[in-house]
Amino acid sequence: MSEQLSWLTGRIITRDMPRYDEVCTGWNSRIRHRPEVVIAPADAADVQAAVRFAAELSLPVRVQSTGHGALAPAEGGLLIDTSALTGIRLDPVARTAEIGAGIRWQELLEAAHPYGLVGLSGSSGNVGVTGYALTGGSGWLARKYGLCAETILAAEIVTANGRLRWVDADREPELWQAVRGGGPNVGVVTKLRLRLFEVPRVYAGATYWPIESAPEIFALYREWAGGTPLELTSALTFLQYPASPALPEPLRNRTLVALRAAYAGSAGEAEELLRPLRSQPGVVLDTFREMPYREIDTVTNDPVKPLPRTGYSTAVTELPEALVELAKPGESFVTLEARHVAGEGARLGATGAEFLVYTMAVTPDETSVAEAGEFGRRVEAACAPWRTGGNLLSFLLAPAEAGGLGEQVAGALPGEYRGRLAEVKAHYDPAGLFGGDRRLAGP
């Protein structure tokens with residue numbers, strides 16, 4: 001082992017160690033990394049040593065905290081597990097939070113809650129804040145407040161020469177801009193300083209109907225969504241639930257269509273806005289209520305347990321009618337969703353989009369992976385006339401075949417931004433150590 005790592009005793013994990021499989025698998029258990037070595041740093045100095053080691057041996061560097069965003073496995077190279085880089089420092093007056101790269105969203109939301117502040121999280125508090133923020137991040141407040149990447153005020157980052165830097169709008173602003181949406185392409189982020197927002201409570205939840213109601217709900221939603229204020233972010237979702245006792249009884253073993261939404265305003269205003277849809281007959285379950293934002297997970301109740309998953313996503317200017325035809329019981333999806341992003345959420349790779357569409361399936365074997373891939377291609381074909389050609393890096397899902405990842409990554413980085421990112425990467429990472437499964441292939 002290189003002298004660069006000689007002082008990291010206990011933080012180096014090799015293939016012959018019991019912890020290796022655990023740290024090489026994340027939330028999407030279909031993605032199992034096989035690096036030459038894993039380093040679990042305790043602080044930024046450990047990350048510096050790890051990066052210098054990788055540069056010395058020309059090893060590609062992959063970074064993972066929770067593994068929610070993994071798209072393809074790392075074969076060989078160095079995996080840096082940042083989950084131990086914790087710590088939250090809030091400034092309620094400035095409305096900022098400084099967080100370690102291992103912090104998850106629920107931890108930050110709980111810490112900010114006493115001050116009536118929130119960060120721009122996604123649908124799950126189990127997701128790592130840093131990976132989500134670096135790759136865009138479109139959540140339940142996106143239409144009003146934008147993408148999480150744009151709330152990055154400063155970043156502590158280790159670049160390919162092993163140097164630790166704080167970057168912001170004044171200090172190396174080109175590197176700071178590359179961090180705000182460019183993913184892991186320019187270094188290993190060890191800390192972020194984020195802007196917070198005063199949104200102590202939201203009116204949020206979901207209304208479910210039998211799948212037989214989908215044509216009527218879909219038509220009404222498509223007409224209704226475009227006229228809603230930016231304070232309301234919503235989604236139309238088709239779901240196939242298993243017969244799990246962990247689910248509310250009305251949802252078990254059923255295929256359903258649902259309205260999901262969150263409104264950053266009063267309950268009375270929200271109820272009036274949502275009434276045209278929630279008043280439709282045949283409701284199976286309605287969970288809408290006023291809640292502190294730290295409970296936003298309850299809108300979707302995303303699973304915490306690792307499971308193998310495959311998916312597809314894209315950005316569109318209109319909601320394709322063909323999605324209703326695809327959302328039939330027995331098809332290869334668990335979730336098929338169209339999330340309304342028009343407004344401040346339509347930035348970076350989502351620029352020009354009205355909706356982000358995605359489908360996800362649980363895929364425990366190669367047959368189910370192939371079936372999910374075929375379903376994804378059918379969703380892609382249904383969306384084709386309205387695709388913007390873009391996406392968000394944070395919205396990409398592990399595909400059935402990793403071969404098309406380069407094209408997907410390029411599509412998630414708008415041309416002008418991609419060109420600037422390529423220049424910054426060439427300067428700070430000339431050997432191409434960083435990027436992983438979101439590697440920038442070229443300008």
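1. Asn 126 sits in the loop between β7 (117–118) and α4 (129–134). The model is a predicted one, and in it Asn 126 has 16% relative accessibility and therefore counts as buried. Its side chain makes a polar contact of 2.5 Å with the side chain of Arg 104. Beyond four places in sequence, Asn 126 touches Trp 27, Thr 66, His 68, Arg 104, Asp 297 and Val 304. Gln 106, 20 residues away in sequence, has its C-alpha 6.4 Å from the C-alpha of Asn 126.

2. The largest nonpolar core contains 70 residues, and Leu 192 and Ile 296 have the most contacts inside it. The helix that gives the most to this core is α12 (residues 415–428), with five residues. Setting aside neighbours within four places in sequence, Ile 296 is in contact with Leu 109, Ser 121, Gly 122, Trp 140, Val 202, Ala 204, Ala 262 and Met 291. Another core, of 36 residues, lies apart from the largest one; among its members are Ala 214, Leu 277, Leu 326 and Phe 375.

3. Helix α10 has 18 residues and spans 26 Å from its first C-alpha to its last, close to the expected 26 Å. At its start, a side-chain oxygen of Asp 365 comes to within 3.3 Å of the backbone nitrogen of Thr 367. The buried residues of α10 are Ser 368, Val 369, Ala 372, Gly 373, Phe 375, Gly 376, Val 379, Ala 382 and Cys 383. Their cover includes β17 (309–316), α9 (322–326), β18 (335–340) and β19.

4. What does Thr 359 touch, not counting residues up to four places away in sequence? Thr 359 lies in strand β19 (residues 355–362), and its contacts are Thr 310, Gly 311, Tyr 312, Phe 333, Thr 335, Leu 336, Phe 375, Gly 376, Val 379 and Leu 397. Of these, Phe 375, Gly 376 and Val 379 are among the buried residues of α10. The side chain of Thr 359 reaches the backbone oxygen of Thr 335 at 3.3 Å. Thr 359 counts as buried because its relative accessibility is 3%, against a cut-off of 20%.

5. The structure holds eight aromatic pairs. One of them, Tyr 203 with Phe 288, is stacked, at 6.1 Å centre to centre and 10 degrees between the planes. Tyr 203 is in strand β12 (residues 201–210) and Phe 288 in the loop between β15 (285–286) and β16 (289–292), so the pair ties together parts that are 85 residues apart in sequence. Both Tyr 203 and Phe 288 are buried.

6. Tyr 358 and Phe 395 form an edge-to-face pair, because their planes are at 90 degrees, with ring centres 5.4 Å apart. The pair links strand β19, which holds Tyr 358, to the loop between α10 (366–383) and α11 (405–411), which holds Phe 395, 37 residues apart. Tyr 358 is buried at 12% relative accessibility, as is Phe 395 at 9%. Elsewhere, ring pairs join Tyr 221, Trp 224 and Phe 355 into a cluster.

Key:
Residues numbered from 1 in each chain as written. Predicted model: local features only at pLDDT ≥ 70, side-chain atom pairs only at ≥ 80, totals over all residues. Heavy atoms only, no water. Helix = DSSP H or I, 4+ residues; strand = E, 2+ residues; numbered from the N terminus. Buried < 20%, exposed > 50% of the residue type's maximum accessible area, 1.4 Å probe, protein only. Polar contact = N/O pair within 3.5 Å; in protein donor to acceptor, adjacent residues only side chain to side chain. Contact = heavy atoms within 4.5 Å. Phe/Tyr/Trp six-rings, centres within 6.5 Å; stacked < 30°, edge-to-face > 60°. Expected span 1.5 Å × (residues − 1). Core = buried A, V, L, I, M, F, W, Y, C linked by side-chain atoms within 4.5 Å.
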